[in-house]
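Hi,

Here is the structure I promised to pass on.

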Amino acid sequence: MKFVLATANPGKVKEMQELLGELNIDVVTRTDLGIDIDIEETGTTFFENAKLKAEAICRISKMPSIADDSGLITDALHGEPGVYSSSFGGEHLSAEERCSYLLKKMENMEQRSAKFVCTIICVFPEGNYITANGECTGVITTGPKGSGGFGYDPVFMPDGFEKTMAELRAEEKNKISHRGKALREFYALLKAETGSAGESL
Ligand code: IMP
């Protein structure tokens, strides 16, 4: 069985391809299928937004569609940016500017605990779905470091590391990331539900 990735974010697509490839799950991207649509994320939870994206792509492609909705939750800012992580500080900011905006908001704040969260959902053409969650706890640094990953990676230091997420190698990030955990959990559920997974589905 072939799956389509419902996300258009290049950072997420790269990581999802790596992670699902390791699990032997055959995926194509929206770009491979020439699906170029804007999906409005009108939900108020990660689950709602992930489902909106997967359902829209499943309707068009008629293929099982896997979507990721994720974000950064900080304690000092009472959960911000949360579901609004991709537009925090303004729609048109670059990732670098968004990190600076976050650092500025948290300037002089002692409480720096935060977590990345991810909801994965796969919607099937029959209308059923499988969903899984993952999180990665850490702290917001006082300055950006590293050039790997995407989004808020340069300002997030995962617990147990002296490096930011953007300084980790891709395999290291995938091992501990919210996305890695959610996709591995998704794989286990898929296997349990279908009796098999990957190429033999
Ligand atoms: P959305 O799921 O499309 O709403 O976007 C999630 C946003 O959260 C991204 O645009 C990033 O800013 C942020 N984000 C999600 N996952 C990660 C990650 O693994 N590293 C850094 N930032 C992330």
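Leaving aside neighbours within four places in sequence, which residues is Leu-20 in contact with? They are Leu-5, Ile-25, Val-27, Ile-66 and Leu-183, where contact means heavy atoms within 4.5 Å.

Before you go on: this is a predicted model, so local features need pLDDT of at least 70 and side-chain atom pairs pLDDT 80 or more, while totals for chains, interfaces and linings use all residues. Residues are numbered from 1 along each chain as its sequence is written, and side-chain values use heavy atoms, with hydrogens and water left out.

Leu-20 is also among the residues with the most contacts inside the largest nonpolar core, which has 21 residues. (A nonpolar core is a set of buried Ala, Val, Leu, Ile, Met, Phe, Trp, Tyr and Cys residues joined through side-chain atoms within 4.5 Å; buried means under 20% relative accessible area, with a 1.4 Å probe and protein chains only.) Elements giving two or more residues to this core include β1 (2-5), α1 (10-22) and α5 (178-194), and α5 gives the most, with 5 residues. Helices here are DSSP runs of H or I, at least four residues, and strands are runs of E, at least two. Another core, of 18 residues, lies apart from it, with Cys-99 and Phe-116 among them.

Now the ligand. The side chain of Glu-41 has an N or O atom 3.1 Å from a ligand oxygen, and a backbone N or O atom of Ser-70 is 3.0 Å from a ligand oxygen. Arg-179 puts a polar side-chain atom 2.9 Å from a ligand nitrogen.

Cheers

Conventions: Buried < 20%, exposed > 50% of the residue type's maximum accessible area, 1.4 Å probe, protein only. Polar contact = N/O pair within 3.5 Å; in protein donor to acceptor, adjacent residues only side chain to side chain.
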